[in-house]
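Please keep the structure in view while reading.

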Amino acid sequence: MGAILAVSVVQTLLFLAFFYLAASYTDSHDSSVLQSLKDGWQNTPPSWGTTNDPCGAPWEGVICKNSRVVALKLSSMGLKGKLGGDIGGLTELRSLDLAANRDLIGSISSALGSLLKLETLILSTCGFSGNIPEELGNLTELTFLSLYSNNFTGTIPATLGKLCNLYWLDLADNQLTGALPVSTSGSSGLDRLFKAKHFHFSKNQLSGTIPPELFRSDMVLLHILFDGNNFSGSIPPTLGLVKTLEVLRLDRNSLTGNVPSTLSNLINVNELHLANNKLTGPLPNLTQMSSLNYVDLSNNSFSSSVSPEWFSNLQSLTTLVVEYGSIRGNLPEGIFSLPRIQQVKLKNNAFGGTLYMGDSIGQLLQLVDLQNNNISSVTSSGYTNALM
């Protein structure tokens, strides 16, 4: 009886051991896909290929659940090669991070659009080129999409407007052209991204006007970064509807016309960059934007005016930059006593008379640049940092 029991226990243990090992084995299809990726890439991690079981005897950067590959975390690995269609076979993939592999080159496969469970796609600072595949619009579970700093060309696919769960959209530092897509009766557009908090499109070659339809009151955007493009036309007044906004960068474009008064509705904005455009009319009234800490309105074509009151009323201001602003008269001393002020850069204006900096200069003030004005003398009490 004891011998029979011992045999039964051994059989049970063997069965459990076999079951455990079998459960740890990688799904055969996923294993084949990873082997194909390994064969197509150079400089894969040393653990890749040491076993035929990327999940059970894990390959570096391969994350599995229930024998299926759910994440590839391979940033900064020095990978070389291309991202071909085989990647579309990892149908349980939730996260793909290939960031900072500059020698991953060529176009990215439209098969990425088959990864319907993907939530995170990070291909930033690689060497990818070609068009952004329209098929990425199929990834409706996606919350984070970063294609920053590659060599992508062509237009922004309107299909990205179908990414209804997207939180982060970063297409900056590429060579994208054309207009910003907004929805029509026949297609989606970026205006449908109601959950998005980040539009990072800086340093491309995007052109045309910034469409007023792009901004709605039910958006929750925090960052709109459109700087360093070729946008023309006026700043859309509808920007003032996005009251969640914290950073607005429209600098280094070719925008014209007046700064719309609706921007004063953006009371949560702490950075406002409108420099290096062709804006006209009066300097904008930023009095209500009480959260502002950084303002740059330089190098536009604003009408000649005296210093606006908000220069010395914005208590959160750390940096004020209005170079070539056509500002005349005396500079109000109150600006130098703001509690957080660090830099005042107002060169190439028409300030005149005596510069009086007041008796209570802010302790954080490091730089005052008033070069190329008409100031005849300076009266300062205790300011010893840079005065140009």
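Ser305 stands opposite Ile327 in strand S23. The model is predicted: local features need pLDDT of at least 70, side-chain atom pairs count only at pLDDT 80 or more, and totals for chains, interfaces and linings use all residues. Residues are numbered from 1 along each chain as its sequence is written, and side-chain values use heavy atoms, with hydrogens and water left out.

**The sheet**

Strands are DSSP runs of E, at least two residues long, and helices are runs of H or I, at least four, both numbered from the N terminus. Two strands pair if DSSP finds at least two bridges between them. S21 and S23 (residues 327-329) run parallel and are joined by two bridges. They belong to an open sheet of four strands, ordered S21-S23-S25-S27, with parallel pairing. S21 (305-306) and S27 (374-379) stand at the edges with a single partner strand each, so one side of each lacks a neighbour in the sheet.

**The aromatic rings**

Rings of Phe, Tyr and Trp (its six-membered ring) pair if their centres lie within 6.5 Å; planes under 30 degrees apart are stacked, over 60 edge-to-face, and the rest tilted. The count comes to eight aromatic pairs. Two of them share Trp48.

| Pair | Centres apart | Planes | Class |
|---|---|---|---|
| Trp41 and Trp48 | 6.3 Å | 35° | tilted |
| Trp48 and Trp59 | 5.1 Å | 40° | tilted |

Trp48 and Trp59 both lie in the loop between helix H2 (28-40) and strand S1 (62-65), eleven residues apart. Buried means under 20% relative accessible area, exposed over 50%, and partly exposed in between (1.4 Å probe, protein chains only). Trp41 is buried at 5%. Trp48 is buried at 4%. Trp59 is buried too. Elsewhere, Phe199, Phe201, Phe226 and Phe231 form one aromatic cluster.
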